[in-house]
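Subject: Structure for you to look at

Hello,

Here is the structure I said I would pass on. Please open it first, then read the notes below it.

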Amino acid sequence: MTDRLDPLVMRVLDGDLPLEALSPALRAEAEAARRVFGAPDRAPMALSPDFDARVMAAVRARALRRPGAARRAVAWLVAPREVRVVVRPWMAGVLAAAAALVLLFARPETPATGGVAVRFVLHAPEARSVALAGTFNHWDSGATPLVRSEGGLWAATLVLPAGEHEYAFVVDGERWVPDPAAPGVDDGFGRRNSVLTLSDAGRSM
Amino acid sequence: MRHSDVSVRDEPSDGEVVRAVLAGDVDRYEVLVRRYRERYARYAAHLLGSTAAAEDALQDALVQAYERLSQCRDPDNFAGWFFLILRNGCFGERRRLARVGPPLDAVAAAVPAPGDAGAGAERHELRQALFMALQTLTPEQREVFVLRHVEELSYEEIAARTGQTVGALKMRMHRGYDRLRGLLRDHWG
């Protein structure tokens with residue numbers, strides 16, 4: 001007996017060929033393979049009795065270190081009063097069909113509970129719709145539509161709290177486009193999110 | 001049972017729980033912990049070859065998922081998103097184990113098999129032998145085997161979870177089959 005399975009047996013194991021299509025000898029081989037490869041234990045694994053408690057204790061400890069939801073909500077509602085403009089360098093040509101600018105407006109002394117007005121602009125003349133999705137709206141691609149203006153520019157202004165925000169533009173409801181002018185981070189699904197880090201003074205860090 | 005049909009009527013969906021946690025109800029996260037702990041522990045145990053290592057990896061992944069919950073773009077697919085976090089953790093742990101050696105309980109083929117008592121010694125022996133043989137596959141081969149034969153997912157479902165093509169998965173699985181057959185020839189006949 002060789003250690004290699006016949007290609008036809010492989011196809012049966014893959015579900016691409018019925019067992020009945022095999023010769024008697026290969027059929028016996030396929031049945032043996034199904035028996036051996038089908039042997040693993042599928043019962044749920046028993047965990048330590050205190051597993052849930054340990055996980056939740058770690059989660060609650062981290063929750064205490066986060067700014068509260070209420071504070072974040074207040075930050076959203078507080079608009080900046082005096083503006084200073086910082087324009088990110090625009091990396092032209094990074095995306096052929098779309099390019100973005102993020103404009104930041106804020107008082108240098110904006111308090112921690114205040115907000116930083118951030119204008120998101122995407123140049124996407126061919127787009128039928130553009131929205132903004134990110135950590136600030138729970139990645140809801142319908143929550144923050146951009147408004148189209150002349151020249152194929154789409155724009156929206158948000159007041160964001162200081163801290164790190166990940167985001168992407170959603171073009172035509174299906175195409176996720178990172179901001180070419182912002183640093184990116186892997187989103188865990190093989191795509192890139194853009195990252196905007198705001199200080200209380202409204203600076204992009 | 002697949003993650004997509006775990007939600008029973010009257011139970012909150014994953015999306016509802018995720019949104020509640022993000023709104024500040026931290027304790028609701030325990031719903032997700034209870035919902036997915038055992039099935040994902042089994043995946044991690046087969047991948048790492050150790051129940052103790054699996055429990056640690058699962059705990060780390062659950063805490064990390066909480067910390068990154070606001071990055072979960074599709075709260076109703078929390079399970080798929082969480083799987084990728086756990087998967088990355090398991091692959092990282094495998095790389096670490098490759099340097100420092102296998103965990104102690106791996107030698108004991110530690111995945112419990114409560115159904116074995118009535119299944120006979122022969123089946124128990126085969127199950128143990130298969131578990132040990134799986135540890136000799138590459139992590140990538142072992143993962144495909146576990147998702148296909150333990151989680152009982154189709155190649156298409158595995159492709160959707162891992163981002164690999166069906167063709168690449170099959171090729172990886174076939175190499176694993178050949179390797180396992182060589183190691184398990186005593187159980188073949």
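How many residue pairs are in polar contact between chain B and chain A, counting pairs with both residues at pLDDT 80 or more? The count is 20. Please keep in mind that this is a predicted model.

Chain B on its own

Chain B contains 9 helices and 0 strands. Chain B has 189 residues, and 55% of them count as buried. If you take the contacts in chain B between residues at least 6 apart in sequence, 65% of them join residues at least 24 apart.

One pair of helices

Two packed helices are described by the angle between their axes and the distance between the axes. In chain B, the axes of helix α1 (residues 14–22) and helix α2 (residues 29–48) come within 8 Å of each other and cross at roughly 140°. On the α1(B) side, the contact is made by B:D14, B:V17, B:V18 and B:V21. On the α2(B) side, B:Y29, B:V31, B:L32, B:R35 and B:Y36 take part. Sorted by class, this contact of α1(B) with α2(B) has 7 nonpolar residues, 2 charged residues and no polar ones.

The size of an interface is often given as the accessible area lost when the parts come together. For chain B and chain A, about 5300 Å² is buried between them, with 57% of it on carbon and sulfur atoms. Three residues, B:R73, B:R181 and B:W188, supply 17% of the area that chain B buries against chain A, which is more than any other three residues. In terms of residues, the contact takes 57 from chain B and 51 from chain A.

There are 8 salt bridges between chain B and chain A. In a salt bridge you can look up, the side chains of B:E67 and A:R62 meet at 3.2 Å, N to O. Several helices of chain B, namely α2, α3 (51–67), α4 (78–100), α6 (121–134), α7 (139–150) and α9 (166–183), each supply at least two residues of the side that touches chain A. Helix α2(B) gives the most to that side, with 10 residues. By class, the residues of chain B on the side touching chain A divide into 28 nonpolar, 11 polar and 18 charged.

Regards

How values were computed. Residues are numbered from 1 along each chain as its sequence is written. Chains are lettered from A and ligands numbered from 1 in the order in which they are written. This is a predicted model: local features need pLDDT of at least 70, side-chain atom pairs count only at pLDDT 80 or more; totals for chains, interfaces and linings use all residues. Side-chain values use heavy atoms; hydrogens and water are left out. Axes are lines fitted to C-alpha atoms, for helices over the stretch in contact, and angles run from 0 to 180 degrees between N-to-C directions. Helices (H or I, at least four residues) and strands (E, at least two) are DSSP runs, numbered from the N terminus. Contact means heavy atoms within 4.5 Å. Ala, Val, Leu, Ile, Met, Phe, Trp, Tyr, Cys and Pro count as nonpolar, Asp, Glu, Lys and Arg as charged, and the others, Gly among them, as polar. Buried area is the accessible area (1.4 Å probe) that two parts lose on being put together, summed over both. A salt bridge is a side-chain nitrogen of Lys or Arg within 4 Å of a carboxyl oxygen of Asp or Glu. A polar contact is a pair of N or O atoms within 3.5 Å; within protein, one must be able to donate a hydrogen and the other to accept it, and residues adjacent in sequence count only if both atoms are side-chain atoms. Buried means under 20% relative accessible area, exposed over 50%, partly exposed in between (1.4 Å probe, protein chains only).
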